[in-house]
Amino acid sequence: MSNYIERFSTSERVLHWIVTASFFTLLLTGLGLYSTLFNGYFSLFGGGRNAILIHKISGVLFFLSSLYMFFNHQKDVTGFDQDDKKWVTERGGYLSRNASHFNIGKYNPGQKLFAIFIAAATLVLGVTGLFIWAPTMFPRWIVQLSLMAHGLMFVCSIMFVVVHVYLATIGNPGTIEAMLYGNVRSLWARKHHPKWYREVTGEKP
Amino acid sequence: MADTINQTTRKGFLVDTSRCIGCRSCQVACKQWNKLDADKTANKGTFENPRDLTPALYNRIRFIEKETSGEMTWQFFNERCMHCGDAGCMKVCPSPGALYRTKDGIVAFNKDKCISCKYCVSACPFNIPRYGTDDKVSKCHLCTDRISGGMTPACAKACPTETLKYGKRSDLIAKATAAKKTLYGVDDLLGLGVVYALEGPPEQYGLPAKPGIPMSIFLWKDVIKPLGILGFWGSIGAMLLHYVTIGPKKVDDDLNVKEDGHE
């Protein structure tokens, strides 16, 4: 038995980092549009006009790559079983120091919900973004609602991303390796995703 | 950007619609002073021309045709930027200085600072800002350049019937109130810079009875924006708190209880 097992293939990892890069480009270009408090971020891109242009380009990139990523993992992230239910009722053991054991497959319910939320947010941000892109071509009320929904979805997204980054890095040591090198330690897999570990290795419980 | 207005020194217009004869001198004078190109228009069976504000038309006369007992009557309405005391355009503009308030309380614009986001188009309670081929905001700025030189705005200067009266806003309102005029825009949106004496209900002139910044724009800028900043830092704080109170899920925690010697 090897010490490492593959969690994400090279193409999955590249796709994830394309989504990440476009997300943070959107964040940095959009901050100045969110509030004049963050006007200084425009200078990173040589002014507001350029920031808007880059926001539009990275928006298209994010929309396509993020949705593609979701459909790539759709069958793994949209089904919930009894073991997932237990994870949800006990909050994944994150609210206690006691060791917790859940019979979790490749993704836990938190990860599944995050994937579904980001896919929904991508849709909303993409569609509203289109209305905001060319506001004079659409009825005013649609653009007004879009500006509000775009801001709201951005806020929700950035908060989810903060949690996502925490849980994938210092919150669960060993997790980030899956997205960097593709392999995770067997011990990690057995602790966090035992059902998936057994599927991959064929090991009996 | 905090938008503050000095109500006592504020300048503005009083537009007495009952005096307007629909000559459109205001439209022409505005175009001349602001060096705005002519717009090509089409005859749609009405004297109203053009039919809407354009990037090259900062104010226009709306012709409202009314039929009472078989006879057609006209009402004329001067449509332009209202220079709201609480201006939706300024609330949403992400580029400081692109839309700004002058010391006279006028909402003026600086095309050099406009970044073409067009948020002002959506936030205006009266649907006034227009974007031209230069992709920059344009609207009535009450001839800021003339005012600063002690002159009257071009449209008011040209108006032959004193429909458009420019001056200290509080004086204009006081005089019109004394003349028992029905005024529109005295208190709405912290007072409009352009106050109208109307001859009928506002709706008849295509005006909202109770003008306000659109609800979704208010929620976006005054609710979601501040709560979002709070939520961002709150989520970072919550993660740090989790790390130092409950702590990370270390894989090695289980090493002592599980037999992993065979690895």
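**Notebook: chains A and B**

I started with the domains of chain B: the centres of domain 1 and domain 2, taken over C-alpha atoms, are 42 Å apart. Domain 1 covers 11-213 and domain 2 covers 217-248, with bounds that come from an automatic or database domain assignment.

Ground rules before going on. This is a predicted model, in which local features need pLDDT of at least 70, side-chain atom pairs count only at pLDDT 80 or more, and totals for chains, interfaces and linings use all residues. Residues are numbered from 1 along each chain as its sequence is written, while chains are lettered from A and ligands numbered from 1 in the order in which they are written.

**Chain B overall**

I looked up the element tally and got seven helices and 10 strands. Those are DSSP runs numbered from the N terminus (helices are H or I, at least four residues; strands are E, at least two). The radius of gyration of chain B is 26 Å, well over the 18 Å from the globule rule for 263 residues, so chain B is more spread out than a compact globule. For the record, that radius is taken over C-alpha atoms, and the rule is 2.2 Å times the number of residues to the power 0.38. Along the principal axes, the C-alpha trace of chain B spans about 100 × 45 × 40 Å.

Next I checked burial: 40% of the 263 residues in chain B are buried. My cut-offs use C-beta atoms placed from the backbone: buried means 20 or more other C-beta atoms within 10 Å of a residue's own, exposed means 12 or fewer, and partly exposed is in between.

**A hairpin and a helix in chain B**

I followed strand S2 (residues 60-68) into strand S3 (residues 71-79) of chain B; they pair in the antiparallel sense over nine bridges. Pairing here takes at least two DSSP bridges between the strands. B:Glu67 has B:Met72 in S3(B) as its bridge partner. Two residues sit between the strands of this hairpin, and B:Ser69 has a positive phi near 40 degrees.

Then helix H1 (residues 25-33) of chain B: its buried residues are B:Cys26, B:Gln27, B:Ala29 and B:Cys30. Their cover includes S2, S3, helix H5 (154-158) and strand S8 (164-168) of chain B. After H1(B) comes B:Lys35, with a positive phi near 50 degrees.

I counted nine helices and two strands in chain A. Its C-alpha atoms fill a box of roughly 60 × 30 × 30 Å along the principal axes, and 31% of its 205 residues count as buried.

The contact takes 41 residues from chain A and 37 residues from chain B, where two residues touch if their C-beta atoms, placed from the backbone, lie within 7 Å. On the chain A side, H6(A) gives the largest share, 14 residues. By class that side has 23 nonpolar, 13 polar and five charged residues. The classes: Ala, Val, Leu, Ile, Met, Phe, Trp, Tyr, Cys and Pro are nonpolar, Asp, Glu, Lys and Arg are charged, and the others, Gly among them, are polar.

A:Leu145 is in helix H6 of chain A, and A:Leu145 counts as buried because it has 20 C-beta neighbours inside 10 Å. A:Thr169 lies in the loop between H6 and helix H7 (177-180) of chain A; with 15 C-beta neighbours inside 10 Å, A:Thr169 counts as partly exposed. From A:Thr169 to A:Met153, 16 residues apart in sequence, I get 24 Å, C-alpha to C-alpha.
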